[in-house]
Amino acid sequence: MKPLKFYKYATWGLLILNLSMLSFFIITRGGAHGRHGASPRATDLLKLTEQQNTQFLASAKQHDQIMNRINLEQSSLLKPYFSQLTTPNKEDKNVASAATLEKLQILEKRKIEATYQHFEEVKSILREEQLPDFKIFMDTILPLIINSDKKNPHPPKDS
């Protein structure tokens, strides 16, 4: 077999392999749920109607936007906060550290309040017979929010 023919077949084979793998990952990912992969699960847990699901998704999108804005604000504060470690003047560090920590606490409080408000909105769209399912929904979602299932990593071993 000539080298040119071999490379031609190898190229087509690799292209088919790549397309097959890409298709496999898209199919097994569960469709196009995007970042709101939890919404179909919420729909199932809360037994939402189409109208309720639309309201839920709008509320989730708004909540996501708020969280992204707050996270950006936090990121913009964290970089200068940690870069203080290289600043020689200790008095400047203490003043800046206290002010930055206070701003970070305010942002964290806003995140908690926004999440609480989002869950209040979700609860408000439910009918009376769906309210018992809201407890199940909250019991399912809260561990994900507060990372209670997340185990702390082991400390490094001494060498």
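**Exercise 1.** Classify Q130 in this predicted model as buried or exposed, and state where Q130 is found.

Solution. 
- Step 1: The relative accessibility of Q130 is 3%. The limit for buried is under 20%, so Q130 counts as buried.
- Step 2: Q130 sits in the loop between helix 4 and helix 5.
- Step 3: Leaving aside residues up to four places away in sequence, Q130 touches L46, K47, L48, Q52 and I125.
- Step 4: For one of these residues, L46, there is also a polar approach: a polar atom of the Q130 side chain lies 3.3 Å from the backbone oxygen of L46.

**Exercise 2.** Determine which residue forms a salt bridge with K47, and classify both partners by accessibility.

Solution. 
- Step 1: The partner is D133; the two side chains meet with an N to O distance of 3.4 Å. The cut-off is 4 Å.
- Step 2: K47 belongs to the loop between helix 2 (38-46) and helix 3, whereas D133 belongs to helix 5. The pair is 86 residues apart and links distant parts of the chain.
- Step 3: K47 has 53% relative accessibility and therefore counts as exposed.
- Step 4: D133 has a relative accessible area of 11%, so D133 is buried.

**Exercise 3.** Find the aromatic pairs, and describe the geometry of the Y81 and F119 pairs.

Solution. 
- Step 1: Searching the whole structure gives four aromatic pairs.
- Step 2: One of them joins Y81 and F82, with 5.2 Å centre to centre and 80° between the planes. Angles over 60 degrees count as edge-to-face, so the Y81 and F82 pair is edge-to-face.
- Step 3: F119 and F137 form another edge-to-face pair, at 6.0 Å centre to centre and 75° between the planes. This pair connects distant parts of the chain: F119 is in helix 4 (residues 90-124) and F137 in helix 5 (residues 131-146), 18 residues apart.
- Step 4: F119 and F137 are both buried.
- Step 5: Ring pairs join F119 and F137 with F56 and F134 in a cluster.

**Exercise 4.** Locate Q74, classify Q74 as buried or exposed, and list what Q74 touches.

Solution. 
- Step 1: Q74 is part of helix 3 (residues 50-83).
- Step 2: The relative accessible area of Q74 is 11%, so Q74 is buried.
- Step 3: Not counting residues up to four places away in sequence, Q74 touches L104, L107, E108 and K111.

**Exercise 5.** Identify which residues make the nonpolar surface patch that includes L19, and classify L19.

Solution. 
- Step 1: W12, L15, L19, L22 and I26 make a nonpolar surface patch of about 520 Å².
- Step 2: L19 is placed in helix 1 (residues 3-28).
- Step 3: L19 has a relative accessible area of 48% and is therefore partly exposed.

Definitions and conventions. Residues are numbered from 1 along each chain as its sequence is written. This is a predicted model: local features need pLDDT of at least 70, side-chain atom pairs count only at pLDDT 80 or more; totals for chains, interfaces and linings use all residues. Side-chain values use heavy atoms; hydrogens and water are left out. Rings of Phe, Tyr and Trp (its six-membered ring) pair if their centres lie within 6.5 Å; planes under 30 degrees apart count as stacked, over 60 as edge-to-face and the rest as tilted. Helices (H or I, at least four residues) and strands (E, at least two) are DSSP runs, numbered from the N terminus. Buried means under 20% relative accessible area, exposed over 50%, partly exposed in between (1.4 Å probe, protein chains only). A polar contact is a pair of N or O atoms within 3.5 Å; within protein, one must be able to donate a hydrogen and the other to accept it, and residues adjacent in sequence count only if both atoms are side-chain atoms. Contact means heavy atoms within 4.5 Å. Patches are made of residues with over 30% relative accessible area and no salt bridge: like charges are joined within 9 Å, nonpolar side chains (Val, Leu, Ile, Met, Phe, Trp, Tyr) within 5 Å. Accessible areas come from the Shrake-Rupley method with a 1.4 Å probe; for residues, only the protein chains shown count as cover.
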